[in-house]
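Hi everyone, thanks for making time for this one. Let me put the sequence and the model up, and then we can walk through them together.

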Amino acid sequence: MKVKLVQIFILFFWSLAVSANNDIYTPSLSTISQRAEEAIMKKVSIPEDAQVEIIPQRLDSRLNIPRCSSPLTAEIASNRRISKNNTVKISCVSPDLDYPWQIFISVRVNIGFPVVVAKETLASGDVITQEQLVISYVDQTSIRGQHFNDISKVIGTRVKRRVTKNHPIFAKNLCYVCKGDTISIFARTQKFVIKTSGEALRDGNLGDTIRVRNISSNKTIEARVVGIGEVEIRM
């Protein structure tokens, strides 16, 4: 009877030891990177039309990862909002250490938006055609100033400042109406539209108010740019 009791106790404690050992594991480098990526994904705010790329730093394959006796936890090392470069702390309780094991991983976040980009270098004075443009996702840090996400809004405009290949098209580099151009002036009321010719006295983009000269009357007036080579005055 005593022998049987001893055997039962041995089996019981052996099963506890096996269970405990089953809870001890060594996390892989890929698992650590995945936890860092998940931590960023939970906090990052993704605009509807944006494309997001999350890139954890490459971990050295020689890194000595200790065994863990608790699940890996991941937390962003700062309470600030997600930026281009972030730090994530990965940690766990280790049976091999007297303190929790932890590692800090740098995670890069690229957020891109669809933007009209030049397929080739555009020189000053060029009139832009559809074949010279493409929609590409551009990192938000490279989008500075008024840009376009519709190719049709740019076709037919003239280049004021050189645009290099694969760079976004910004409004400041274009003119819908360029100084010295012969333009169409529309005078609109609720009942009729009058069209005449004029000369642009300065560059303008959509929505800009510029000074133009009416060729027929030789009068200088202010008008709003409404299209390529077109301005409008309200009567």
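Cysteine 68 and cysteine 92 are both buried, where buried means under 20% relative accessible area, exposed means over 50%, and partly exposed is in between, using a 1.4 Å probe and protein chains only. These two cysteines form a disulfide with sulfur atoms 2.0 Å apart; the criterion is a pair of cysteine sulfur atoms within 2.5 Å. The pair links distant parts of the chain, 24 residues apart: cysteine 68 is in the loop between strand E1 (51-56) and strand E2 (73-76), and cysteine 92 is in strand E3 (residues 85-92). Strands, by the way, are DSSP runs of E with at least two residues, while helices are runs of H or I with at least four, and both are numbered from the N terminus. The link of cysteine 68 and cysteine 92 is left-handed, at -70° about the S-S bond.

Before going on, a word on the source: this is a predicted model, so local features need pLDDT of at least 70 and side-chain atom pairs count only at pLDDT 80 or more, while totals for chains, interfaces and linings use all residues. Residues are numbered from 1 along each chain as its sequence is written, and side-chain values use heavy atoms, with hydrogens and water left out.

How many disulfides does a search of the whole structure find? It finds 2. Cysteine 175 and cysteine 178 form a disulfide too, with their sulfur atoms 1.6 Å apart. That disulfide is right-handed because the torsion about its S-S bond is about 65°. Cysteine 175 is buried at 2% relative accessible area, and cysteine 178 is buried at 6%. Counting bonded cysteines along the chain, the pattern is 1-2, 3-4.

**How confident is the model?**

pLDDT is the predictor's confidence in each residue, from 0 to 100. The chain has a mean pLDDT of 87, and 91% of its residues reach 70 or more. Over residues 1-21, though, pLDDT stays under 50, and the model has 0 contacts there beyond four places in sequence; a contact means heavy atoms within 4.5 Å.

**Salt bridges**

There are 11 salt bridges in the structure, each a side-chain nitrogen of Lys or Arg within 4 Å of a carboxyl oxygen of Asp or Glu. One of them joins aspartate 203 and lysine 160, at 3.7 Å from N to O. This pair links distant parts of the chain, 43 residues apart, with aspartate 203 in the loop between E9 and E10 and lysine 160 in the loop between E6 and E7.

Another pairs glutamate 199 with arginine 213, the closest N and O atoms being 3.0 Å apart. Here glutamate 199 sits in strand E9 and arginine 213 in strand E10, 14 residues apart.

Then arginine 224 and glutamate 232 meet at 3.4 Å, N to O. Arg188, Arg224 and Glu232 are linked in a network of salt bridges.

**Two backbone angles**

Most residues other than glycine have a negative phi. Asparagine 166 has a positive one, near 70°, and lies in the loop between strand E6 (158-159) and strand E7 (174-175). Asparagine 218 has a positive phi of about 65°, in the loop between strand E10 (209-214) and strand E11 (220-227).
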